[in-house]
Amino acid sequence: MKYLLILLLLMITQRIFAQSICAVDDFSRGYHDKIFIGDTSQPTGDTLLLANDGDSLVMSKEDWDNITKYYPELLHQDFPESPGLLYAAHSRQSIYFDSEAGKDWYYQVYGFFLKRQNGAAKYAVTRKKLDNLFRFLNTLYGRLHCPFGTYYGHREERISGYVEYSVYLYTLHESNNTIQGNIAAQKKLYIAMLRQVIADEMEVDNDAVDCAMGRKKELLALVTQIDRLITDKFYLRQAQSFQYATYNY
């Protein structure tokens, strides 16, 4: 009788657990893991935890419902487009991402799912290198205008989206020779241009009196880091594309 009671209690516990946490099929996109919904005992109620090989994305059930209803392109793209083009094409479908902070979130969701599609583990080294490259460039341009403005803060939040699209571009070219070749002269000119931008801005920027001390040294150190990360034509082109598309001077 004692063992029957224990067995009955175990069955009831399993049933309660199964009701509180349920796996949701992620639309047959070929993902190996599931998305779990469960009560987190937070005021927001149910949340989604999306797992991605060491990465995760947490959103409310309402977030998930809005994304799947209005922005299914974020979950899977047969032929990925850049986050900027995708946002411009779909952001007016609802007001869900209609703010600077909302756009930040759009880029993060975009990056998360494209990372799954590209292959999280397979391109980990390339991804980390691009992430560092773009963050150094963003910090460089942000620190040119002291203090660090909100424009650059929003760009920082969106870098995962920029990075993942660049990883996708890398998957298209890694098997051919288009990313090879001698880039010494082009790279030298690019790095010289960054150093010249620093010199020019430091000369005319009169709004940075409070943080001018040591700033030039910091900026030049960032250029040195960028120089080290540009090891072939692909990284040079991605640095140029990110810079010219993001900063207008």
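This is a predicted model: local features need pLDDT of at least 70, side-chain atom pairs count only at pLDDT 80 or more; totals for chains, interfaces and linings use all residues.

Me: Let's start with the overview. What makes up the protein chain, and in which order do the elements come?

Reply: The protein chain has 9 helices and 4 strands. Reading from the N terminus, the order is α-β-β-β-β-α-α-α-α-α-α-α-α. Of its 249 residues, 42% count as buried. As for contacts with a separation of 6 or more, 67% of them are between residues 24 or more positions apart.

Me: Now the charged pairs. Why is Glu100 with Arg158 called a salt bridge?

Reply: The cut-off is 4 Å between a side-chain nitrogen of Lys or Arg and a carboxyl oxygen of Asp or Glu. The closest N and O atoms of Glu100 and Arg158 are 2.7 Å apart, so the pair is within the cut-off and gets the name. This pair links distant parts of the chain, with Glu100 in helix 4 and Arg158 in helix 6, 58 residues apart. A search of the whole structure turns up 8 salt bridges.

Me: Are the two partners buried or exposed, and how do you know?

Reply: Buried means under 20% relative accessible area, and exposed means over 50%. Arg158 has 1%, so Arg158 is buried. Glu100 has 44%, which falls in between, so Glu100 counts as partly exposed.

Me: What makes Arg158 and Asp104 a salt bridge too?

Reply: Here the N to O distance is 2.5 Å, and that is within 4 Å, so the label holds again. Arg158 lies in helix 6 and Asp104 in helix 4, so the pair ties together parts that are 54 residues apart in sequence. Asp104 has a relative accessible area of 7%, so Asp104 is buried.

Me: Which residues are linked in a network of salt bridges?

Reply: Glu100, Asp104 and Arg158. Arg158 pairs with Glu100 and with Asp104.

Me: How do you know that Lys187 and Asp227 form a salt bridge?

Reply: Their closest N and O atoms are 3.0 Å apart; the limit is 4 Å, so they qualify. Lys187 lies in helix 7 (residues 184-204) and Asp227 in helix 8 (residues 215-229), so the pair ties together parts that are 40 residues apart in sequence.

Me: And why is Lys187 called buried, while Asp227 is called partly exposed?

Reply: The line for buried is under 20%. Lys187 has a relative accessible area of 19%, so Lys187 is buried. Asp227 has 24%, which lies between 20% and 50%, so Asp227 is partly exposed.

Me: On to helix 2. Why are its buried residues said to be on the same side?

Reply: The buried residues of helix 2 (residues 61-70) are Asp63, Trp64, Asn66 and Ile67. They cover an arc of only 165 degrees around the axis, which puts them on the same side of helix 2. The face turned away from that buried side carries the exposed residues Glu62 and Lys69.

Me: Why is Leu86 called buried, and what is Leu86 in contact with?

Reply: Leu86, found in helix 3, has 4% relative accessibility, and that is under 20%, so Leu86 counts as buried. Leaving aside neighbours within four places in sequence, Leu86 is in contact with Glu73, Gln77, Glu81, Tyr106 and Tyr110.

Me: Last topic, the largest pocket. What lines it, and which helix supplies the largest share?

Reply: The largest pocket has a volume of about 300 Å³ and a lining of 18 residues. Tyr162, Ser241, Phe242, Ala245 and Thr246 lie nearest its centre. Helix 6 supplies the largest share of the lining, 7 residues. At least two lining residues each come from helix 3 (83-90), helix 4 (100-118), helix 6 (150-173) and helix 9 (233-246). By type, the lining divides into 9 nonpolar, 6 polar and 3 charged residues.

Note on methods. Residues are numbered from 1 along each chain as its sequence is written. Side-chain values use heavy atoms; hydrogens and water are left out. On a 1 Å grid over the protein atoms alone, a cavity is a set of points where a 1.4 Å probe fits but cannot get out, and a pocket is an open set with protein on both sides within 12 Å along at least five of seven lines; lining residues have an atom within 4 Å of a point. Grid points are joined across faces, edges and corners, and a volume is the space filled by probe spheres set on the points. Ala, Val, Leu, Ile, Met, Phe, Trp, Tyr, Cys and Pro count as nonpolar, Asp, Glu, Lys and Arg as charged, and the others, Gly among them, as polar. Buried means under 20% relative accessible area, exposed over 50%, partly exposed in between (1.4 Å probe, protein chains only). The arc is that of the directions from the helix axis to the C-beta atoms. Contact means heavy atoms within 4.5 Å.
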